[in-house]
Protein chains: 2
Amino acid sequence: MYNQFLNYRKKMKDVESAISLLNWDMETYMPEGAASMRSGHISTLSSIYHELATASDYESMLKNLQDDTTLNFSQKRNVELCLKDLSRAKKLPASYVEALSHATSSGFINWQKAVKAKDFSLFAPSLKKLLTLKKEEANYVGYEGHIYNAFLAEFEPGTTSEEVDIIFQDVKEKLIPLLKQITQKESADNSFLKVHFDEQKQWDFSLELLKQMGLDFKYGRQDKSHHPFSTSFGSEDCRVTTHVHANDVMNTIGSCIHEGGHALYEQGLSAIAYGLPEAQAISYGLHESQSRFWENNIGLSKAYWQYNLPRMQTYFPEQLQGIDLSTFYRAINIVRPSLIRTASDEITYHFHIMIRYEIEKALLTDQIKVEDLPAYWNAKYKEYLGIEVPDVAQGVLQDVHWSHGAFGYFPTYSLGSFYAAQWHAKLKELYPDFDAKVACGDLAFIKEWLNQNIHKHGRLYSASELCTKLTGEPLSFKYFLSYAQNKYLP
Amino acid sequence: MYNQFLNYRKKMKDVESAISLLNWDMETYMPEGAASMRSGHISTLSSIYHELATASDYESMLKNLQDDTTLNFSQKRNVELCLKDLSRAKKLPASYVEALSHATSSGFINWQKAVKAKDFSLFAPSLKKLLTLKKEEANYVGYEGHIYNAFLAEFEPGTTSEEVDIIFQDVKEKLIPLLKQITQKESADNSFLKVHFDEQKQWDFSLELLKQMGLDFKYGRQDKSHHPFSTSFGSEDCRVTTHVHANDVMNTIGSCIHEGGHALYEQGLSAIAYGLPEAQAISYGLHESQSRFWENNIGLSKAYWQYNLPRMQTYFPEQLQGIDLSTFYRAINIVRPSLIRTASDEITYHFHIMIRYEIEKALLTDQIKVEDLPAYWNAKYKEYLGIEVPDVAQGVLQDVHWSHGAFGYFPTYSLGSFYAAQWHAKLKELYPDFDAKVACGDLAFIKEWLNQNIHKHGRLYSASELCTKLTGEPLSFKYFLSYAQNKYLP
């Protein structure tokens with residue numbers, strides 16, 4: 001019976017992998033004229049997947065297995081999690097899923113138009129429609145406490161909006177004064193990094209860095225796309241993409257390391273458990289804890305560049321001539337309030353997220369109207385970051401997420417960073433020579449620790465269980481605060 | 001009701017397109033470690049496709065439509081052809097399909113081993129197993145006349161083994177003496193083409209040639225793979241691949257033009273009829289009539305190179321310095337018996353095919369034993385081409401087809417060439433200035449004629465109907481013979 005379940009899950013995963021490949025190809029190699037046909041391919045396979053994921057045979061199979069006392073811990077857990085996923089999937093009527101799919105398709109198109117025209121009113125009707133649908137969804141899936149929990153349950157299962165509130169209260173109370181302290185003495189110059197760096201050499205260097213992290217190119221690859229992303233068709237085929245910025249080399253490198261962190265998580269999932277929750281990432285926040293750990297805690301550290309700056313200088317001897325480690329390190333770690341989330345530093349980043357989180361809660365509870373959103377956004381940027389927003393394209397329209405109906409997603413970015421700081425602290429405790437090892441280019445022990453302690457468990461433990469198991473307590477903001485203080489105050 | 005049928009066919013085609021993308025990716029970009037997982041993806045989607053293609057709901061839908069008197073010609077024909085496909089698909093029990101799938105998987109692996117070791121005995125057991133299964137298949141699907149018709153029906157529907165026999169009788173009687181005449185006076189030298197040609201420049205030049213043919217890169221692309229192939233996910237996404245041979249530039253170019261011909265067919269199929277027989281190629285032979293028409297009748301013609309040799313010289317000024325059109329033309333048209341089918345000229349090519357066809361018929365009717373195959377092969381090469389086969393890798397094991405269980409496929413290569421000659425003759429009759437136009441780089445009228453007369457009909461007409469409609473008679477070897485005589489005898 002359990003074998004039958006394994007085969008069924010394998011079939012589901014095979015279909016899901018085909019959908020992921022259709023998406024990967026769409027962002028990398030697909031000729032432009034194929035766009036509308038491709039959305040048809042994806043929609044057909046998604047509905048086949050949905051049928052498999054909600055089939056009554058599958059449900060009976062799971063219910064029978066639930067009563068099977070011969071199953072071991074991981075088998076039981078796999079069955080439990082599949083039942084949980086099935087129960088959520090079944091709550092959404094097919095008509096709702098279809099309506100949402102149409103609303104997000106046209107929402108995305110209208111968002112693109114609005115960005116281009118710098119005109120929020122072109123997107124507002126879509127956003128209203130999406131909010132109405134998402135509120136409907138919340139009623140279908142049900143929730144306790146704040147309506148936001150209905151969406152967090154999808155992206156960050158086990159974490160409530162009330163818990164996120166507490167964390168962002170910390171951000172507000174402790175990060176705002178810290179930011180003031182840092183920016184008062186900020187005087188670094190990064191202009192030498194904003195000149196032209198040969199694109200092929202950036203690409204070659206990024207591959208070197210990915211290999212250094214331990215990304216296994218026998219089971220993965222890097223390609224180019226407009227927006228960098230990572231994807232996986234099972235742990236034996238995990239791919240990253242990047243966008244090479246000719247005049248912003250650190251943007252390229254940062255995003256390569258970031259996506260590499262995601263891909264290491266996917267490569268670290270069990271190949272044997274292909275198709276099972278045991279071979280799935282715990283949550284979006286945990287996934288982001290991997291990417292942001294590598295991108296920031298490692299990739300913006302002095303030790304990392306002690307090893308890699310000389311390497312980078314061999315690729316770019318002209319641009320980096322005479323740049324010493326300390327100059328380079330300060331240049332890549334400038335903290336300064338800015339308009340665009342994706343280009344922000346590791347401290348102000350969380351204000352960008354907090355603003356979006358507060359707005360999402362306000363929208364979902366009708367505390368603000370969609371029409372008033374741009375003004376509300378601009379006021380928040382003034383309040384938290386002290387900056388003026390020149391237009392909606394650089395303001396409320398800068399992220400694609402809402403056009404996809406992805407409410408409840410943004411906080412996972414901050415949670416990921418805070419988890420990352422907690423892993424970082426633990427690793428430094430376990431390896432007192434952590435920085436010395438990194439400074440010699442030894443990253444293998446880090447990958448190994450992440451593999452053994454986080455990746456290999458898949459979803460067998462919840463984020464909170466795993467965090468407590470590894471660090472002795474659930475997620476706590478104090479680790480990030482202490483990381484930021486130690487890094488930026490001296 | 002017809003709309004329901006359209007939606008169902010679209011769904012089937014979406015799944016088929018996803019399978020094609022999984023295959024395309026496997027041959028182009030997939031990391032090597034993903035191979036076994038990928039065959040799982042393909043196998044799962046193939047079985048989903050098979051379920052859709054044989055579903056009883058689908059059958060009832062088709063049977064109801066069969067009685068619908070309101071349908072027009074193309075609608076009726078779409079329904080008829082779907083019923084025909086369904087009927088064939090239903091005849092194969094799932095257990096047989098699975099057994100064949102396993103036999104071809106291991107057959108392919110053993111074939112690779114046998115090629116590497118130059119040891120036929122490593123492949124012989126697989127070949128025996130495959131032959132047994134294919135004979136079983138013939139009984140499931142049924143046939144009239146020769147057992148070979150059971151397989152031709154799949155690749156070249158409407159053409160019988162008895163008709164193919166007549167054509168190859170012509171090949172034997174007329175091409176053998178012609179070949180003798182040609183080779184007696186063959187003295188051209190192509191050594192200047194067998195030196196190193198920069199790979200990137202070969203790639204760039206091949207793209208120029210594909211664009212010149214009218215391949216629309218808004219709806220297609222070229223990538224690299226070990227063996228060149230073309231694929232399509234619908235007429236809005238048709239892709240070719242190539243293998244760049246550093247020391248054999250004409251091999252690269254010939255295969256690019258060949259695959260381009262396939263892709264033009266696919267791009268020329270109706271986008272509106274996506275998923276219907278009306279948007280499918282007629283047969284393997286007709287597909288090959290497109291690729292070989294472009295590769296040989298156009299791509300090896302003097303007029304074509306009158307326009308393109310100067311272009312090629314701008315890419316490769318050093319290698320082609322002082323080479324005049326007549327020298328170049330003779331060098332790319334050397335006719336000489338050789339060992340390897342895929343590297344053979346357009347005349348001797350058909351002896352390679354004829355040998356395979358005769359062997360397949362003999363194997364399927366137990367006239368020869370698998371053990372005796374290498375000796376039989378070598379004797380045939382001696383008889384028809386007058387050459388000695390040094391080893392099985394360059395002999396009986398040179399093609400992958402049998403390891404895939406693809407019996408009945410080879411003759412479509414020759415049929416394709418003979419159809420191509422018939423189109424060529426018709427075009428020359430319609431356009432008395434055919435060569436003059438080609439010599440000016442005007443290929444648009446050719447593409448247009450193929451689009452309007454062949455591509456756009458899809459499967460609405462059979463190969464024979466279409467051929468008669470276009471040229472006044474069914475396929476006839478005389479066009480190829482006359483093409484060959486006119487080209488090679490003067």
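## Close-up views of the chain A and chain B model

**View 1. The meeting of chain B and chain A.** In this predicted model, 35 residues of chain B touch 35 residues of chain A, where contact means heavy atoms within 4.5 Å. Together the two chains bury about 2,800 Å², with 66% of that on carbon and sulfur atoms; buried area here is the accessible area (1.4 Å probe) that two parts lose on being put together, summed over both. Look for Tyr29(B), Pro31(B) and Met37(B): they supply 19% of the area that chain B buries against chain A, more than any other three residues.

View 2. One to zoom in on joins Arg38(A) to Asp237(B), whose closest N and O atoms are 3.5 Å apart.

**View 3. The side of chain B that touches chain A.** Two or more residues each come from α1 (2-28), α2 (35-54) and β1 (220-224) of chain B. Helices (H or I, at least four residues) and strands (E, at least two) are DSSP runs, numbered from the N terminus. The largest share, 10 residues, belongs to α1(B).

**View 4. The open sheet of chain A.** Here 3 strands follow the order β1-β3-β2, with mixed pairing; two strands pair if DSSP finds at least two bridges between them. Because β1 (220-224) and β2 (230-232) of chain A stand at the edges with a single partner strand each, one side of each is left without a neighbour in the sheet. β2(A) pairs with β3 (residues 238-242) of chain A in the antiparallel sense over 3 bridges, and Thr231(A) has Arg239(A) in β3(A) as its bridge partner.

**View 5. Helices lying across the sheet.** Helix α1 (residues 2-28) of chain A lies across β1, β2 and β3 of chain A, at about 35° to β1(A). Helix α9 (residues 199-213) of chain A lies across β1 and β3 of chain A and runs at about 155° to β1(A). Axes are lines fitted to C-alpha atoms, for helices over the stretch in contact, and angles run from 0 to 180 degrees between N-to-C directions.

**Notes for all views.** Residues are numbered from 1 along each chain as its sequence is written, and chains are lettered from A and ligands numbered from 1 in the order in which they are written. Local features need pLDDT of at least 70, side-chain atom pairs count only at pLDDT 80 or more, and totals for chains, interfaces and linings use all residues, while side-chain values use heavy atoms, leaving out hydrogens and water.

Technical notes: A salt bridge is a side-chain nitrogen of Lys or Arg within 4 Å of a carboxyl oxygen of Asp or Glu.
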